[in-house]
Amino acid sequence: MSTIILGIESSCDDTSAAVIEDCILRSNVIASQKVHEAYGGVVPELASRAHQQNIVPVVSEAIRQAGIDKSQINAIAFTRGPGLPGSLHVGTAFAKGLALALGIPLVDVNHLHGHTLSHFIKEDEHTQVPDFPYLCLLISGGNSQIIKVNAPGDMQVLGQTIDDAAGEAFDKCAKSMGLPYPGGPIIDRLAHEGNPNHFKFAHPHVDGYNYSFSGLKTSFLYTLRDQLKLNPNFVEENKADLAAGLQKTIIEILMDKFSKAIVDTGIKTIAIGGGVSANSGVREAVQQYADRHHLKAFIPKRSFTTDNAAMIAVAGYFKYLDHQYCDITLPPFARVTI
């Protein structure tokens, strides 16, 4: 008999619901919030209000698209953290209420586990999934981590950022160039038009497998400051080259530590996850490295790189199989690690 999981994701500014049946995706509905673009970043109060407006229609649509009745759902998986407290509260409260109403188990999911396990979302029975153990480079606006995944419930952080994350560096440097929010995708697009070797930016050096992006961000800002004094049109005239140089540097920093971890552990299966794994340069660099060294690489579909409920449902599926249910009284948490 199959297991059907309803996943609910509301950690930041996207309201999402998904239905999986034994890891096979039946629906994945996402309502994005455009209101934050005018403010150059996510406004927490506006995000939580939008979640309240979106969650009922989004969950209803996910169940409808899956072609099931809510009575067929075996458990509800929801993002308990990390994320914005107000946004998390909306998803948590709804998941608890629906689980109580249906009389089914509630499964809490660490949002970071969702990104790391997103490769187990199957679009059909033939979808390939990673073998354990595998190394996952988790890169987003708030996280840059190298994770050894021994099993769905057994993950070890080998390295992580000691300051800014890769996504933060993309967005903040884009903002300093006057680009709209979110800046990461725009940098990616501009980088295809520019010379990645025209400008050189700092490569921070930190111990082990840890990352640091604050030095790169400072180096980039100082370049803009110094050049704008000489030429007020510097950014506009060099936008593509700046984007290409920034992207090249971030990828070099990411791959330097990731490749070191791959060699040192001897693990032959690698993966990437998180919002920055949608970046075309990152995807190409990881795949090329895997091809050169005869590794198996799992590059997620772009629709599974951003915050989505399908990854929450899959992570919840594994916990459900192990009977790791969530007490109805537990609150969401804003911060947590793997």
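In which helix is Arg-225 found? In this predicted model, for which local features require pLDDT of at least 70, side-chain atom pairs count only at pLDDT 80 or more, and totals for chains, interfaces and linings use all residues, Arg-225 is found in helix α6 (residues 214-230). Residues are numbered from 1 along each chain as its sequence is written, and side-chain values use heavy atoms, with hydrogens and water left out. Helices (H or I, at least four residues) and strands (E, at least two) are DSSP runs numbered from the N terminus.

Arg-225 is partly exposed, with a relative accessible area of 42%; buried denotes under 20% relative accessible area, exposed over 50%, and partly exposed the range in between (1.4 Å probe, protein chains only). Arg-225 lies over the face of Tyr-222, at 4.4 Å from the ring centre. For such a placement, NZ of Lys or CZ of Arg must be within 6 Å of the ring centre and within 35 degrees of the ring normal.

Aromatic pairs number 9 in the structure. Rings of Phe, Tyr and Trp (its six-membered ring) pair if their centres lie within 6.5 Å; planes under 30 degrees apart count as stacked, over 60 as edge-to-face and the rest as tilted. The rings of Phe-120 and Phe-318 are edge-to-face, with centres 5.5 Å apart and planes at 85°. This pair links distant parts of the chain, 198 residues apart: Phe-120 lies in the loop between α3 (111-116) and β6 (134-139), and Phe-318 in helix α9 (residues 309-321). Both Phe-120 and Phe-318 are buried. By contrast, Tyr-211 and Phe-213 form a stacked pair, with ring centres 5.9 Å apart and planes at 25°; Tyr-211 and Phe-213 are likewise buried. Phe-120, Phe-132, Tyr-134, Tyr-317 and Phe-318 are linked by ring pairs into a cluster.

Phe-132 also takes part in a cis peptide bond, to Pro-133, with omega near -5°; Pro-133 lies in the loop between α3 and β6. Another cis peptide bond joins Gly-81 and Pro-82, with omega about -5°, and Pro-82 is found in the loop between β4 (75-81) and α2 (85-102). Most residues other than glycine have a negative phi, and most peptide bonds are trans. Asp-22 has a positive phi of about 50°, is placed in the loop between β2 (15-21) and β3 (24-31), and is partly exposed at 30% relative accessible area. His-323, in the segment after α9, has a positive phi near 60° and is exposed, at 59% relative accessibility.

For Cys-23, the nearest cysteine sulfur is that of Cys-136, 16 Å away; Cys-23 is buried, with a relative accessible area of 6%. For Cys-173, the nearest cysteine sulfur is that of Cys-12, 20 Å away, and Cys-173 is buried at 0%.

The second largest pocket has a volume of about 350 Å³. On a 1 Å grid over the protein atoms alone, a pocket is an open set of points where a 1.4 Å probe fits, with protein on both sides within 12 Å along at least five of seven lines, and lining residues have an atom within 4 Å of a point. Of its 17 lining residues, Lys-248, Ile-251, Gly-281, Glu-284 and Ala-285 are the closest to the centre. Helices α7 (234-265) and α8 (280-292) each supply at least two residues of this lining.

Terms used. A disulfide is a pair of cysteine sulfur atoms within 2.5 Å. Grid points are joined across faces, edges and corners, and a volume is the space filled by probe spheres set on the points.
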